[in-house]
Amino acid sequence: MTQATPIRFVPFVPSDVLTAKGRVALIVPPEGTLDQACRTVNRVTKGGLARLLESDSFAKAKSGQVFSLAWPAGLEAEAVDVVVLPRRATETEARKAGSALAKVAGGKPVTVMAASMLKTAEFALGMALRDYAFERHKSAEAEPRGEVVIAHKKPEEAEVAYAPLAAVADGVHMTRDLVNEPANVLTTSNFAERLVEMTELGLEVEVLDEAQLEELGMRTLLSVGQGSDSPSKVVVMQWKGGTEGQAPLALVGKGVVFDTGGISLKPAAGMEDMTMDMGGAGVVAGTMRALAGRKAKANVVGLVGLVENMPSGNATRPGDVVTSMKGDTVEIINTDAEGRLVLCDVMWYAQDRFNPAGMIDLATLTGAIIIGLGHENAGVFSNDDSLCNAFLKAAEAEDEGAWRMPLGKAYDDQLKSRIADMKNVGGRPAGSITAAQFLQRFVKDGTPWIHLDIAGVASVTADTSYAPKGATGWGVRALDRLVRDSFEAE
Ligand code: BES
Ligand code: MN
Ligand code: ZN
């Protein structure tokens with residue numbers, strides 16, 4: 001089961017710095033004030049640390065920068081990592097510093113001499129987030145991730161503060177594992193099995209099969225998966241941590257385990273990236289895992305539509321007309337605009353069954369959002385300023401890029417069809433917005449709703465501040481915080 005490396009909190013004993021194995025980290029504020037562990041290191045290295053602090057490089061150092069002294073004299077550790085962190089660091093600064101240290105440590109054991117660090121839990125979260133590698137398909141035996149120990153004057157307090165964040169780190173790691181997993185392994189059935197395993201955490205998990213989806217009338221969703229040998233599924237995960245009967249927050253995820261484009265086949269170059277087209281469902285899963293792991297006092301239901309978009313003799317053709325669960329008919333102009341066809345049925349089902357207090361859907365929906373916002377920000381679309389602003393605030397606090405985009409009737413008009421209630425594409429202009437307009441047609445009046453287009457942020461080709469290249473887990477932290485700030489009882 002997916003788990004971030006556990007972090008152990010121990011009492012701070014300055015002399016332990018001399019005997020710690022692996023790497024040992026010292027925390028130094030930019031002013032260069034030294035705690036007892038630092039003074040000990042400075043003494044045994046005959047002023048080595050002081051020379052670093054007097055150097056030009058240290059004078060120019062930024063918060064979160066790490067200076068490594070290899071094979072230091074007088075210590076058993078193989079390296080001392082000096083982490084620059086202001087005493088009054090912000091949460092983000094503390095996380096970034098922890099993350100920078102974990103990157104330097106590269107999975108090797110590390111002891112952090114944190115003495116009386118203030119944002120210890122956040123620092124630990126940064127370490128846990130960055131301490132990740134997807135190695136299960138490398139034939140060489142993967143080295144186990146080294147132990148992370150944080151020595152603090154108040155270890156119990158730090159441990160209590162970190163416990164809920166450890167659950168969030170676990171959720172982020174789960175999302176990354178799902179998004180990184182190739183489609184021959186992460187089939188629709190395998191995905192569903194992994195979600196069912198989360199019943200261990202106290203989630204109620206149901207898997208709806210094709211016969212049940214047919215019965216419910218989810219024809220647009222089924223039309224996407226009908227070309228694949230893998231059966232389409234909808235998985236419903238309920239976390240009932242709030243008061244009984246209180247309307248839940250609904251999280252809905254696009255789970256296209258592989259998107260070939262279907263009959264509107266994608267070009268060969270880069271098609272392999274479409275293993276990440278279940279990123280929305282991955283974030284919903286990771287968020288549910290985080291909420292259950294920290295026993296959030298809120299009712300949240302996660303729903304994912306799991307399908308594979310393949311061409312075959314049985315696949316949907318361009319020009320086909322299908323009827324959604326809502327009853328609206330859709331002319332499928334392009335079988336590669338499949339995510340909206342999956343989401344619209346799951347969103348309708350979510351509202352029909354749960355009457356949620358709010359609904360947030362996540363999807364790697366359009367290439368156009370990458371043209372617009374790159375890999376820095378997810379596109380945010382909403383019919384409700386208050387929910388939307390709460391989300392944007394949570395995303396900002398978590399340092400997860402999110403940028404609001406417009407909706408409007410003129411965009412919606414681009415979806416008019418000659419023969420059905422709507423087309424599934426609105427042409428090249430404003431491709432991400434017309435996709436959102438399509439979804440909004442399936443949002444009931446009075447349901448506060450946010451659509452997050454995460455095509456640009458779910459998986460990236462360069463390291464980020466919190467993740468090595470590949471799947472990022474973007475959104476788990478923002479959604480967890482949104483639940484904490486806006487949906488949890490005191
Ligand atoms: N899964 C893709 C969107 C995507 C593109 C995700 C790149 C991640 C990276 C989606 O299903 C898709 O194919 N969208 C089309 C829509 C078009 C046919 C209207 C697109 O963006 O080209
Ligand atoms: Mn597609
Ligand atoms: Zn897709």
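1. The area buried between domain 1 and domain 2 comes to about 1,600 Å², with carbon and sulfur atoms giving 50% of it; buried area here is the accessible area (1.4 Å probe) that two parts lose on being put together, summed over both. R95, L129 and Y132 supply 39% of the area that domain 1 buries against domain 2, more than any other three residues. The model is a predicted one, in which local features need pLDDT of at least 70 and side-chain atom pairs count only at pLDDT 80 or more, while totals for chains, interfaces and linings use all residues. Side-chain values use heavy atoms, without hydrogens and water, residues are numbered from 1 along each chain as its sequence is written, and chains are lettered from A and ligands numbered from 1 in the order in which they are written.

2. Domain 1 covers 7–153 and domain 2 covers 169–486, with bounds taken from an automatic or database domain assignment. Their centres, taken over C-alpha atoms, are 38 Å apart, and 15 residues of domain 1 are in contact (heavy atoms within 4.5 Å) with 21 residues of domain 2.

3. Across this interface the rule finds 7 salt bridges, each being a side-chain nitrogen of Lys or Arg within 4 Å of a carboxyl oxygen of Asp or Glu. R95, named above for its share of the buried area, also forms a salt bridge with E398 at 2.5 Å, N to O.

4. The manganese ion (ligand 2) is held by D259 (OD), D336 (O), D336 (OD) and E338 (OE), at 2.0 to 2.2 Å. Its 6 donor atoms subtend angles of 71 to 168 degrees, so the arrangement is irregular. D259 bridges the manganese ion and the zinc ion, which lie 3.1 Å apart.

5. On accessibility, K254 at 1% counts as buried and D259 at 3% does so too, whereas D336 at 22% is partly exposed; buried means under 20% relative accessible area, exposed over 50%, and partly exposed in between (1.4 Å probe, protein chains only).

Note on methods:
Donors are N, O and S atoms within 2.8 Å of the metal (3.2 Å for Na, K and Ca); water is not among the atoms, so sites may look incomplete. Four donors count as tetrahedral if all angles lie between 85 and 135 degrees; four count as square planar and six as octahedral if opposite donors are over 155 degrees apart and all others between 65 and 115; anything else is irregular.
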